[in-house]
Amino acid sequence: MQWSDLIVISHLRWAFVWQRPQHLISRLADGQPTWFVEEPITGDVDEPTLRTRQHGAVTQVWLEMPGAPRHYDFDDPAAECYIDKLQELVGWQPARATWLYTPIAYEMARNLDPALVVYDVMDDLASFKDAPASLRRCQDRLLSEADVVFTGGRSLHRGVTDRRADAHCFPSGVESEHFAQALDARPAKTRPVAGYVGVIDERLDPELLAGLAAALPDWDIHVVGPVAKIAPESLPLAPNLIYPGPAPYQDLPQVMAGFDVALMPFALNEGTRSISPTKTLEYLAAGLPVVSTKVPDVVTEYGDVVAFADQPETFAAACRDVLADDATERQRRVTPLLKRHHWDTIANRMSTVLETASTDVNALEESV
């Protein structure tokens, strides 16, 4: 993608969990100035202060605010200086592209005078717990006015096509070679381990986790990742239910090598109705059998390589059953999926869409 610069505005932080934004933007940066702009955060400052940190070709940008810790959205009146400080940092460019992960940031993006606006619908944020009431209205406007709309899964795509019939569906992918390192790193264990890797938030089903631990007393259940948007004390406790904390992306193959079965114990509610979990492919690339609740996109995309159950007893039975799976046969069915959904392939296809869109935008501007 050839732009003077690319400015990504995201509700997710670059250094939090390595997922869809990081995979795509690190590939699409392609040597041009690329900024990853995050929500304001409380810091040890006397006045609002813009901070940056370099991550290869990507410059992470955030605004530190004085005062007591609290959450800031991009449209928070207390942080209205953010756009001026950001404009001073990035300057003006004639062929700028902005890429949004949250519709709340659309006004900020417009003030940067972009030649192209891209909206990558990674989640149905309006369905999340404590989502601001304005979010749905902002999303409708952004869907209407963005030059390019991508969606991160088929359920998300169905949810926006009534407003954007030309939205492009690109489910999340995998760096299969990274997770394949787990295949040759299996440690010796005295008892089976079932594990989850990812953000621990309201999308997980705590009752299912507690019931699973009770139904598999001879197993260990590892829930690996940072806790977000829920109180840590709300998590279920059991002697065999272990929370090791977050693990960096580069260490995930080693973490998964310690699992015998991979888990996706998601609650089935409005917050998970449209998710397309990246970890499905990561687990499969690590050579693991997977047991999941019946998340619609997982059933549709991976129904022939993932086992499904929704209650603790049936979920536990599925974990025991998949241990007897023929790993060679499972890998034969998984290999085409991993090739088709590699992040390199997805980024290249997205880049082609963006090149076409930029040509159309340029032609429209020249005709005016």
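The second largest pocket has a volume of about 250 Å³. Here a pocket is an open set of points on a 1 Å grid over the protein atoms alone, where a 1.4 Å probe fits and protein lies on both sides within 12 Å along at least five of seven lines. The volume is the space filled by probe spheres set on the points. The model is predicted: local features need pLDDT of at least 70 and side-chain atom pairs count only at pLDDT 80 or more, while totals for chains, interfaces and linings use all residues. Residues are numbered from 1 along each chain as its sequence is written, and side-chain values use heavy atoms, with hydrogens and water left out.

The pocket is lined by 16 residues, and Phe74, Asp75, Ile104, Glu107 and Met108 lie nearest its centre; lining residues have an atom within 4 Å of a point. The elements that give two or more residues to this lining are α2 (82-90), α3 (106-111) and α4 (134-145). Helices (H or I, at least four residues) and strands (E, at least two) are DSSP runs, numbered from the N terminus. Helix α3 provides the largest share of the lining, 4 residues. By class, the lining has 10 nonpolar, 1 polar and 5 charged residues.

The largest nonpolar core has 55 residues, of which Ile221, Leu263 and Cys319 touch the most other members. Such a core is a set of buried Ala, Val, Leu, Ile, Met, Phe, Trp, Tyr and Cys residues joined through side-chain atoms within 4.5 Å. Its largest share, 5 residues, comes from α11. A second, separate core of 35 residues includes Val61, Leu100, Leu142 and Leu143.

In helix α11 (residues 312-322), Pro312, Phe315, Ala316, Ala318, Cys319 and Val322 are buried, that is, under 20% relative accessible area with a 1.4 Å probe and protein chains only, whereas exposed means over 50% and partly exposed in between. These buried residues fall within an arc of 155 degrees seen down the axis of α11, so they line one face of the helix. On the other side of α11, Glu313 and Asp321 are exposed. The cover over the buried residues includes α7 (206-215), β13 (261-264), β14 (290-292) and β15 (307-308).

Asp113 is partly exposed, with a relative accessible area of 44%.

How values were computed. The arc is that of the directions from the helix axis to the C-beta atoms. Contact means heavy atoms within 4.5 Å. Ala, Val, Leu, Ile, Met, Phe, Trp, Tyr, Cys and Pro count as nonpolar, Asp, Glu, Lys and Arg as charged, and the others, Gly among them, as polar.
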